[in-house]
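User: Please take a close look at one part of this model. I would like to know where it sits and what surrounds it.

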Amino acid sequence: MNILWPWKMVGTYTDGEEITVGGSSEESCMEKLIDFEEKHGPLTWYSGVTDEDYQFVEYIGAENFIYD
């Protein structure tokens with residue numbers, strides 16, 4: 001089952017792990033990414049997800065995605 005969160009972010013950690021999280025807001029996504037620091041070390045990079053369902057972090061649905 002694929003859950004479509006209102007917000008989606010990805011982060012990379014000092015151990016090389018890359019984790020994607022979803023949440024109800026940008027803040028809830030950042031809290032989840034920060035929680036993974038205990039296991040994987042500090043975040044070295046993070047960003048909002050942009051794909052067919054997400055544009056600049058926020059869910060838009062594939063039917064609203066504009067192809068360049």
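Analyst: Glu-27 is exposed, with a relative accessible area of 53% (exposed means over 50%, buried under 20%, partly exposed in between, with a 1.4 Å probe and protein chains only). This is a predicted model, in which local features need pLDDT of at least 70, side-chain atom pairs count only at pLDDT 80 or more, and totals for chains, interfaces and linings use all residues. Residues are numbered from 1 along each chain as its sequence is written, and side-chain values use heavy atoms, without hydrogens and water.

Glu-27 belongs to helix H1, which covers residues 26–35 (helices are DSSP runs of H or I with at least four residues, strands runs of E with at least two, numbered from the N terminus). The buried residues in H1 are Ser-28, Cys-29, Met-30 and Leu-33. The buried part of H1 packs against strand E1 (7–13), strand E2 (18–23), helix H2 (37–40) and strand E3 (43–48).

H1 also takes part in a negative surface patch, to which it gives the most, with four residues. The patch consists of Glu-26, Glu-27, Glu-31, Asp-35 and Glu-38 (patch residues have over 30% relative accessible area and no salt bridge, and like charges are joined within 9 Å; a salt bridge is a side-chain nitrogen of Lys or Arg within 4 Å of a carboxyl oxygen of Asp or Glu).

In the protein chain there are two helices and five strands, in the order β-β-α-α-β-β-β from the N terminus. Among its 68 residues, 31% count as buried.

Terms used. Patches are made of residues with over 30% relative accessible area and no salt bridge: like charges are joined within 9 Å, nonpolar side chains (Val, Leu, Ile, Met, Phe, Trp, Tyr) within 5 Å. Accessible areas come from the Shrake-Rupley method with a 1.4 Å probe; for residues, only the protein chains shown count as cover. Lys and Arg count as positive and Asp and Glu as negative; His and the chain ends are not counted. The place of a charge is taken as NZ of Lys, CZ of Arg, CG of Asp or CD of Glu. Contact means heavy atoms within 4.5 Å.
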